[in-house]
Amino acid sequence: MLKKALIANSTFSLVSGLALLVLASPLAALIGLPTPAWVLGAVGIGVLLFGAAVGWAATRAPVSRAHVVAVTVCDLSWVLGSAALLALCGHHFTAIGQLLIVAIAAAVAGFMLTQLIGLRRPVVA
């Protein structure tokens, strides 16, 4: 379960990061980003690096508990950051932008919870 959660997290992060990087300008317009589009591209690079690190952690045998905890803390930070962004700046975003922020935060929270459940289960070789 833990490896599958990490692989799903990695895949989602890699696809999202690539989309943010390649489609920064159209996404910025769609969501009503109040800053230059390159900001989304920069976030995309960070998300790509995160996705690669999570993928690397998922392929270790056995999966390192410390790596999973670090990934889970990063996921929690994303969810809390998304909530803060909406609370403080949500009025700057379009309705689609607000919906995307909530949907992505929900997906990340799902990965986080699945990883926490996986951490509590014994590792089966």
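The following is a dialogue on how some labels in this predicted model are assigned.

Trainee: What are the ground rules for this model?

Mentor: In this predicted model, local features need pLDDT of at least 70 and side-chain atom pairs pLDDT 80 or more, while totals for chains, interfaces and linings use all residues. Residues are numbered from 1 along each chain, and side-chain values use heavy atoms, with hydrogens and water left out.

Trainee: Which residues of α3 are buried, and what do they pack against?

Mentor: Buried means under 20% relative accessible area, exposed over 50%, and partly exposed in between, with a 1.4 Å probe and protein chains only. In α3 the buried residues are L40, G41, G44, V47, G51, V54, G55, A57 and A58. They pack against α1 (2-22), α2 (24-31) and α4 (65-89).

Trainee: Why is F12 called partly exposed, and why is F111 called buried?

Mentor: F12 has 28% relative accessibility, so it counts as partly exposed. F111 is buried because its relative accessible area is 15%.

Trainee: What does F12 touch?

Mentor: Contact means heavy atoms within 4.5 Å. Leaving aside residues up to four places away in sequence, F12 touches I104, A107, V108 and F111.

Trainee: What makes the pair of F12 and F111 tilted?

Mentor: Rings of Phe, Tyr and Trp (its six-membered ring) pair if their centres lie within 6.5 Å; planes under 30 degrees apart are stacked, over 60 edge-to-face, and the rest tilted. By this rule there is one aromatic pair. The ring centres of F12 and F111 are 5.5 Å apart and the planes are at 55°, so the pair is tilted. F12 lies in helix α1 and F111 in helix α5 (residues 95-120), so the pair ties together parts 99 residues apart in sequence.

Trainee: Which helix gives the most to the lining of the largest pocket?

Mentor: α4 gives the most, with seven residues. α1, α2, α3, α4 and α5 each supply at least two residues of that lining.

Definitions and conventions: Helix = DSSP H or I, 4+ residues; strand = E, 2+ residues; numbered from the N terminus.
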